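Dear colleague,

I am handing over the structure below, and my notes on what was found in it follow directly after. Please read them alongside the coordinates.

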Amino acid sequence: MSALVWLNAIQEFAVAGPFQTAPVTAPLVSDYYDSGACFSSLVVPIDLNSDGKKDLLAHYWCNDWNGEVAPLPTVDALMVYLVNEDGSLSVGNHSVFGSDALSLGGATRNYVKGDFNGDGIEDVAFAVNWEDGRPQSDGASWDTEQTVILSNGGSFGIVRVGDPVWGHGIGATRNELGYEDVLSARRNPWGGINLFPFRWRDGAFEDALALYPDVTGMTVGGVVTQGMQGGADYYTSSDSGGINYHQRLSNSWLSSELGGIDKKHIETATYITWNGDAGNFVVSELDGSYYLNLDITDSCYLQASSGLPGYVVGKFTGRLLGKDYDSHGTYYEGDLPLINKLVFFEVTELGASTSETPLLEEFVKDFFNFFSCRDLNGDGLVDIAVHDQTGQWRPYSGGAPRTYLRLPSGKFKHLSTDDFPKGIEQGSQIGIYADLNSDGLEDLILYNTDPQIALRVHYGNAHMELGVENPFPPEIISYDYGDRAIILFLTVEYDGGTDITGYEAICTDGTNTFTGTSTSSPITVSGLTNDVAYTCTVTATNSVGTSSASAATDPITPEEASTGLPIWLLYQATQ
Ligand SMILES: [Ca+2]
Ligand SMILES: [Ca+2]
Ligand SMILES: [Ca+2]
Ligand SMILES: [Ca+2]
């Protein structure tokens, strides 16, 4: 008995790590009203009672589609969790919306925040469709209006906007009146998706098409429309599978292709989708691999900070075919790994362009519908949180977001969340960060796709920070040789968070091994035999430990220089 009390005491007061281990839990939707909701979708941090502190708006629905058409919208439920002074959560449906049972009219896939009616209070627009987002024979049967949670003199109301559409993405951009327009979408008569912007005027949303460029052919797989933070620019998905960037000039718009991907329809290949239907076999190449049906399905605008470039970051989703594919082959959707890859487009005052990835590590098998770009640790550098679903979709990791912190170099380093508080190991966990108690520290919000598992808030104790670790393995970028010696030039992408104290190179002819050390590049390995081929690897060491070895070089054969200085000394003499 006393042991149990002791364990509880540890849980109650343990404060190690960036988050408190003891969670504050939210009431279950099923304890509050009978909605039929069976799936937790989105949790949005937003102040709903104007006390200056964020609350949580949670949306639930139930996937009851038959794989063909949706005769009715899914049942759904909206819950307001108000954050009290002591950090506890209480249901605020009635006080905020004037009603206990609340509906957004379908399944939600994404959201965008903004002040859509210009009253200075933040609102939320949701991308909505009738079902879970996989229309088959009749995609249009899943279409519905998009939904805005709109401030209204101290409370909020629910407003439907636009034509019915299969809502997957939604955006916002600042208008010339100083508040945000909703960037929604609608189907065009030829089967594509067009931009459909709305503006709040005189107490209602108006069609604002005439005020925006005519954007047609956005990708159906993910209608991506996002505003640039704090500005009037925005971007949309393009019919080429990439992003178009629209800049507001004084009286017009300047639209440019920001980055596209080539799409090749291979009619000779056969593709069978998850429900047995024949699908299109459309192939794209990205970073040296081939993907099937690759499209942008979500994005964020990552603001420039501390002299580092800003990006539009696109989430590209597709099925990995590999380094090659058979143009006469038969492929089954279930056999091909689903890849979600973040692709960076650099944004500068001169425009925007495709950029090499600044991620030091990539986790392309993460399964997620949305991600966000925000400074998470108060160092002024914008970071990335990927709200992946773990448990059912990939190995259980506890539910904290996949977190990439930006380094002063501009690269993004993956933060280990192994020691973070964990959700219940059942179903799929999703995590988001928000500062709910306004103490300047991010709080960790964990929820489960199963709404019978309570949403948990772990308040922050400290800023998240990268620990120190072994350096990444060096990369040998070039080499030289001379009389009985090999010289290796190298770089290290990440020093492990602390200075590298030394490098060690090992060269071998298969029998004999020779080493050389240095505190910086290049490293010389000497004592070799001329006209014998050696392969070499290098490791880097910092105060924590030693990296794994670099990739081995091709065989290098030192030889006696015919005249004058050895080649490597000539090289050094020119430095
Ligand atoms: Ca509040
Ligand atoms: Ca508002
Ligand atoms: Ca940061
Ligand atoms: Ca906090």
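Four strands make up an open sheet in the order 27-28-29-30, with antiparallel pairing, where strands are DSSP runs (E, at least two residues) numbered from the N terminus and two strands pair if DSSP finds at least two bridges between them. The edges are taken by strand 27 (368-374) and strand 30 (412-415), each of which has a single partner strand, so one side of each is left without a neighbour in the sheet. From one strand to the next the twist averages 20°, with axes being lines fitted to C-alpha atoms and angles running from 0 to 180 degrees between N-to-C directions. Strand 27 runs antiparallel to strand 28 (residues 383-388) and is joined to it by five bridges, and Phe371 stands opposite Val386 in strand 28.

This is a predicted model, in which local features need pLDDT of at least 70 and side-chain atom pairs count only at pLDDT 80 or more, while totals for chains, interfaces and linings use all residues. Residues are numbered from 1 along each chain as its sequence is written, and chains are lettered from A and ligands numbered from 1 in the order in which they are written.

The average pLDDT (the predictor's confidence in each residue, from 0 to 100) is 87 for the protein, and 89% of the residues score at least 70. Over residues 1-14, however, the pLDDT is below 50. Where pLDDT is low, the predicted coordinates should not be read in detail.

Elsewhere, strand 36 (residues 500-508) and strand 37 (residues 513-518) pair in the antiparallel sense over six bridges, and Thr508 has Thr513 in strand 37 as its bridge partner.

Best regards

How values were computed
Contact = placed C-beta atoms within 7 Å.
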